[in-house]
Amino acid sequence: MYRGISDAALEKELRDYREYCLKALPEVRETVKASNGSVSCMATDTMSRTSHLKQAALYLEEAVVADPIFELTDFRSKVSENFQLFMGMAATPNIDRKKLAQAASKLIDLRPLVAGGYVKLYPVTFELESKTEVIPLLHSDNAFKDVLPESILKQYKTNALVRSVQNDNGKLLVMRHLHVGRHIDIRFQGMQRGFGMGYTLFPPEIFSSNEEQRTITIALSKDTPTTN
């Protein structure tokens, strides 16, 4: 895919596209906010498929869809690269040509819906990007049970599918069942197949802390817990 075009050239194009999107972001935000009383919603990954959007047009006047190209412009930082190596994952290039081709194809499919004023593209992933290299250290006396209303939290817990994850020569494999370990995959019944979030529990070793600056220096271990 994109034969004859180097990774460096593709990366430059994506960086230029990101710069353009961020310059236009204030205007795009205002456009998205100004629904003028129309029935609008933020489309999920599944709903943002062209066929689903066309069906939803029977009930909606406007759909906000995540820009599929913009997501690919958030290149890995040094921290994420080091973390990937720490996890024992195989190194991957900055440019995923297959994902880029799929994103471009999706954007072309959405073009008539955008031109018709039904779909509005928004760089959703920008709002989720880390704005700092510092990882905040948060604490909750009740394990953050009060973050969501009890009824909604119960729904998540009831529909959660938790499985173990194992590293197989640099590839993380989601296993069929859950067993003792530090790597898990969580997905929910009814969600798009293949969509899941991975979590890893590292036993930390504290080296130093600074109350005044509210910072802490720790080392993470990959020790595997054992059953008793």
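**Notebook: a loop, a strand and a bent helix**

Entry 1: I started with alanine 143, which counts as exposed because its relative accessibility is 60%. My cut-offs, using a 1.4 Å probe and protein chains only: buried is under 20% relative accessible area, exposed is over 50%, and partly exposed is in between. This is a predicted model, in which local features need pLDDT of at least 70 and side-chain atom pairs count only at pLDDT 80 or more, while totals for chains, interfaces and linings use all residues. Residues are numbered from 1 along each chain as its sequence is written, and side-chain values use heavy atoms, with hydrogens and water left out.

Alanine 143 sits in the loop between α5 and α6 (150–159). I looked up its phi and found a positive value near 60 degrees, in a residue that isn't glycine. Phenylalanine 144 is in the loop between α5 and α6 too, and its phi is also positive, near 60 degrees. I noted these because most residues other than glycine have a negative phi. Phenylalanine 144 has 40% relative accessibility, so I put it down as partly exposed.

**Entry 2: the whole protein.** I counted six helices and nine strands. These are DSSP runs numbered from the N terminus: helices are H or I with at least four residues, strands are E with at least two. Of the 228 residues, 21% are buried. For contacts (heavy atoms within 4.5 Å), I took those with a separation of 6 or more, and 57% of them join residues 24 or more positions apart.

**Entry 3: strand β4.** Which strands pair with β4? By the rule I used, two strands pair if DSSP finds at least two bridges between them. β4 (residues 160–168) runs antiparallel to β6 (residues 183–188), with five bridges. β4 also runs antiparallel to β5 (residues 171–174), with four bridges. Asparagine 167 has leucine 172 in β5 as its bridge partner.

Then I zoomed in on serine 164, which is in strand β4. Is serine 164 buried or exposed? It has 1% relative accessibility, so it counts as buried. Its bridge partner in β6 is isoleucine 184. Leaving out residues up to four places away in sequence, serine 164 touches residues including Leu173, Met175, His179 and Ile184.

**Entry 4: helix α1.** α1 (residues 7–33) has 27 residues and reaches 36 Å from first C-alpha to last, close to the expected 39 Å. The expected span is 1.5 Å times one less than the number of residues. I found a bend of about 55 degrees at leucine 25, with proline 26 following within four residues. That bend is the angle between axes fitted to the seven residues ending there and the seven starting there. Leu10, Glu11, Leu14, Arg18, Cys21 and Leu25 are buried in α1. An α-helix has 3.6 residues a turn, so residues three or four places apart point the same way. The cover over the buried residues of α1 includes α4 (97–115), β3 (119–122) and α5 (124–128).
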